Amino acid sequence: MAFIRKRRLERELYSKERFSLLLLNLEEYYFEQHTANHIKNKGCRDERKFRGSLKICSKSIIFEPDDNIQPIIKIPLRDCISIKAPEDNEAKNPFTQDTSGGISVVCNQVFLIKERNIIAPYKTVRGRTEHLFQLDVAGKLGDVVQTLHQLYRASCLDKMGDQAAMITAILQSRLARTSFDKNRFQSISETLHMECKAEMVTPLVTNPGHVCVTDANLYFQPLNGYPKPVVQITLQNVRRIYKRRHGLMPLGLEVFCTENDLCSDIYLKFYNYQDRDELYFLIATYIENHITEHTAESYMLQWQRGHISNYQYLLHLNNLADRSCNDLSQYPVFPWIIADYSSSELDLTKPETFRDLSKPIGALNKERLDRLLTRYQEMPEPKFMYGSHYSSPGYVLFYLVRVAPEYMLCLQNGKFDHADRTFNSLAETWKNCLDGATDFKELIPEFYENDSSFLVNSLKLDLGKRQGGKMVDDVELPPWASGPDDFLWKSREALESQYVSEHLHEWIDIIFGYKQKGSEAVAAQNVFHPLTYEGGVDLNSIMDPNEKVALLTQILEFGQTPKQLFTIPHPRRIMPKLKSLSRTSSHNVSITESPVSPNEESFEDLTEESITLAWNNITKLKLDEQYKIHKEAITGIAVTCNGSSVFTTSQDSTLKMFSKESKTIQRSVSFSNMALSSCLILPGDTTVICSSWDNHIYFYSIAFGRQQDILMGHDDAVSKICWRDGRLYSASWDSTVKVWHCAPGETLSSKKHHFELLAELEHEVSVNTINLNAANTILVSGTKEGTISVWDVTTATALHQLPCHSGTVFDAAFSPDSRHLLSTGEDCCFKVIDVQTGMVISSVTTDEPQRCFKWDGNTILSGSQSGELLIWDLLGGKVTERLKGHTGAVMSMWMNEQCNSIITGGEDKQIIFWKLQY
């Protein structure tokens, strides 16, 4: 649990200190500290001195006594009447006690904090009081008083914008007079690459200082030396780095030394985006050889295929959408999943147990939604449906007040929320989210993790008394939970349940996806205040400093909508063939789904094991035999059912029949003087079909050893052919793909085919490759200009046309389940496309073009331009094995049904037989 774990770490590191930046106001800076005595009742018989530390902050003076029994004193500068040092003549009077280094502060309000080191609401002492602070180093008195006078003048300005501008000027002046202390380098041999000013961001507060990057380390040195003189991160340990939007501005940078943790090692906010981008470039350049950069699409592919859980996927999406545990206005957001908080048993097989994930919280109650929509229709522009957000600093701390009370006190000016508004009960909170006029909050990751401390008042905080007289203590759990740990375990079980896996994409559409903005958001009843959206306001265009401060304050309190990650519908998760658990179908059956009869399914189960075994051992592929059988590059391979005869086509214009048993060429046929581009064998092993650059398709009878038929169907070279269920599919450089019905002739003597053109799929440019899915319902085509088109062949309509590659598409194929489509091209890229939505969900860059491939949805076996066979871990985006083979490009590849025998044809005129040895 990122937030709680971080709080515990801070308490361990700084357990001796009661002071923290959380004692400051929002947008306040801590400048410096001085060892001093706080003198009470000066000159009186009961005069007392309390030793401690005097903190000079931009809006207050704070004194932290060494004695933990004594309270921390916080004096707001705006409440000061006078701040002065003793007069010189008084200081020189031999009859007065020594007051050298003394500062007198007269104020009409002071806050007492952490008395007896107990976390509790601040005590306010009103009325005129004088506080005398005596510095240990008297020589600093003049500078300290001068600084306090400057800050006091700033606090007295009427407008918040003017105050902020003056404080910023003071801060920048201090930063300009200092620089990073190079003596803090870990090694004298380090080379400095960059130094600039920045602020370290932690929840609710920022700390100004200097950032420094060397060839080995990233450093941050706080201007005030708090909480330690320097923060150091070894670049070799960095695993992830993200640019962040902070306070609506592109100025943030977050660095992680872990792969999956939500909690970063440092979050920095810069004063201009150029410094941020330069630092990002330096670190990213250093780590680029060690890390695979993950996109939302690559995580989507892993999630769809079950390689990461629902919880992990949501964490990754939050991270990519600028959500950070260091920024409470952009804290990670998770959905309410369970809707039943009254039953004694939690039944995850009933749809009624779950919240409807296709709707935002505000739309779950129809009566409330109708009222909100009526107000929305009557509202002038800019319109919004919900007056509060689903994630804000107040909501985060509402859930976490029991483990992060000091954050709540910081946010609410030293007070806890009213006892009846505190997080008291899961059932009450859920009911209020359904019925409350202004309550639309979602949950946070902690509800699906394994640390239940945020549900328990282990700190024994006095959170007040409710109307019924009951003290606020632990959170009241639903009857089906035996305790806090059991509640979290069952919540996580619900998050990973079949129902949620089937519907989580609908919630992602609302929070991170295409229903987040625009007309789709209106249709989904998902419209929030314009200021909460990225790009909703340009702060640089606002000249009035007061308006700018007011906007930033509003955003901090209201919360921000995540960065939009997807602009088209998010694909569903691929689920096992189980009975669907659904309220009512909220989406059409996927075009990639086809009914499977019990007999077919049992046959699939029979072969599935051998196929899985083969792909799991694909790295054990070995070169078995190789033969040079053509005079030019080999373009197509087809094998008879018994595996005895291998037919190949080549750019040398010949079709050859190679006997695996005798290892000899048994037939060589030439149909024209033009290159042949591909071949296939019809069911029954009686006929071979070849496509040619002479615009024709040739039918060759194996039994009679002669050309049987010619289909003159195109106006330019035929680049690829496929055969499925009595239909021939032909792709051509004439910019078409044609679908033919081929019926054999009636007389045995002629054996001529009758060709009927069923459909013509038109493209803008030459088509280089085609393929079909397992159900023969969807066709993919790839063009010479890099476009991938997905066609519904039953209606001859284009489903998606995607500019995936720059340059020719060499090969494209569906995954075995038909959910995904993989393509490779001249641009040295693999692209994975979700068939249902047309979204490119993964892109893997290769060192050289991959000319052809086979894949099982997770692993790719590809033939490269240089002649090697490469085995790829698609999800990891890396090569796991390289196999030496051809001396030129691998032009074609055949794989048997069991996936344990492969034949490749190359530019080197050879065919190579590969065997799996396991």
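Student: Which residues is S155 in contact with, leaving aside its neighbours within four places in sequence?

Tutor: S155 is in contact with L77, R78 and Q163, where contact means heavy atoms within 4.5 Å. The model is predicted: local features need pLDDT of at least 70, side-chain atom pairs count only at pLDDT 80 or more, and totals for chains, interfaces and linings use all residues. Residues are numbered from 1 along each chain as its sequence is written, and side-chain values use heavy atoms, with hydrogens and water left out.

Student: Why is S155 called buried?

Tutor: Buried means under 20% relative accessible area, exposed over 50%, and partly exposed in between (1.4 Å probe, protein chains only). S155 has a relative accessible area of 13%, so S155 is buried.

Student: What makes the pair of F671 and Y698 stacked?

Tutor: Rings of Phe, Tyr and Trp (its six-membered ring) pair if their centres lie within 6.5 Å; planes under 30 degrees apart count as stacked, over 60 as edge-to-face and the rest as tilted. By this rule there are 37 aromatic pairs. The centres of F671 and Y698 are 4.7 Å apart and the planes stand at 10°, so this pair is stacked.

Student: How is the pair of F671 and Y700 described?

Tutor: F671 and Y700 form an edge-to-face pair, with 6.4 Å centre to centre and 70° between the planes. F671 lies in the loop between β19 and β20 and Y700 in strand β22, so the pair ties together parts 29 residues apart in sequence.

Student: Why does Y700 count as buried?

Tutor: The relative accessibility of Y700 is 2%, so Y700 counts as buried. F671 is also buried, with a relative accessible area of 12%.

Conventions: Helix = DSSP H or I, 4+ residues; strand = E, 2+ residues; numbered from the N terminus.
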